Amino acid sequence: MDLKVTTLDGKEAGSVSLNKDIFGLEPRQDLIQRCIVWQLAKRRAGTHAVKNRADIWRTGKKMYAQKGTGNARHGSARVPQFRGGGRAFGPHVRSHEIGLPKKVRALALKHALSAKAKSEDLIVVEDLKIKDAKTSALIAQFEKLGLSNALVIDGAEVEKSFQLAARNIPQVDVLPVVGINVYDILRRNKLVLTKAAVEALEARFK
């Protein structure tokens, strides 16, 4: 499948042939959903914790007689029923990470790229070279391309001046091709790839 290549100024710069095995698949929502759940679970800190009755410092002496008081039978002031007692079944420090095979992750990335291509939300630009690292100038160029909410993927390294100009623009993310992932692709309306990024992706999945 062929796609037009543009410059950041909105001018045509030829065309590029996209690999159907990467950009021409019928998107499967189940694969994409599995990968997003895996990503979000992996980045959770898992540092939430509470004190249970073993962590509370209180006397262990029996509060009152077992029988004859008319009250419930209690043997410790550390139990959850009392104010200041330990919490029952509270969260504890743990890892939320789940397993997902490497081949499934790679396939989910292909389907995410194909989903953007199918919905015509994929734009290929020649490169990200700009004269000055000016945010206002870059916003004007984005307006020509109709970009207000986008993920921009460059080659092995992001053009430094472009990265400096884009970092203050809200709802615009810039990543090198090695950092491309399913979640970031789906959370932005448009996906912008440079020709170097397209070549790197095709070499990665070759």
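Reader: Against which elements do the buried residues of α3 pack?

Author: Please note that this is a predicted model, in which local features need pLDDT of at least 70, side-chain atom pairs count only at pLDDT 80 or more, and totals for chains, interfaces and linings use all residues. Residues are numbered from 1 along each chain as its sequence is written, and side-chain values use heavy atoms, with hydrogens and water left out. Helices (H or I, at least four residues) and strands (E, at least two) are DSSP runs, numbered from the N terminus. The buried residues of α3 (buried: under 20% relative accessible area, with a 1.4 Å probe, protein chains only) pack against α1 (20–23), α2 (29–42), β3 (122–125), α6 (182–187), β6 (190–194) and α7 (195–204).

Reader: Which residues of α3 are buried?

Author: An α-helix has 3.6 residues a turn, so residues three or four places apart point the same way. In α3, the buried residues include V104, A108, L109, L113 and A117.

Reader: Which residues have the most contacts inside the largest nonpolar core?

Author: A nonpolar core is a set of buried Ala, Val, Leu, Ile, Met, Phe, Trp, Tyr and Cys residues joined through side-chain atoms within 4.5 Å. In the largest one, of 31 residues, they are F23, L113 and L193. Helix α3 gives the most to this core, with six residues.

Reader: Which residues does L113 contact, leaving aside its neighbours within four places in sequence?

Author: Contact means heavy atoms within 4.5 Å. On that basis, L113 is in contact with I22, F23, I180, I185, L191 and L201, those neighbours being left aside.

Note on methods:
Buried < 20%, exposed > 50% of the residue type's maximum accessible area, 1.4 Å probe, protein only.
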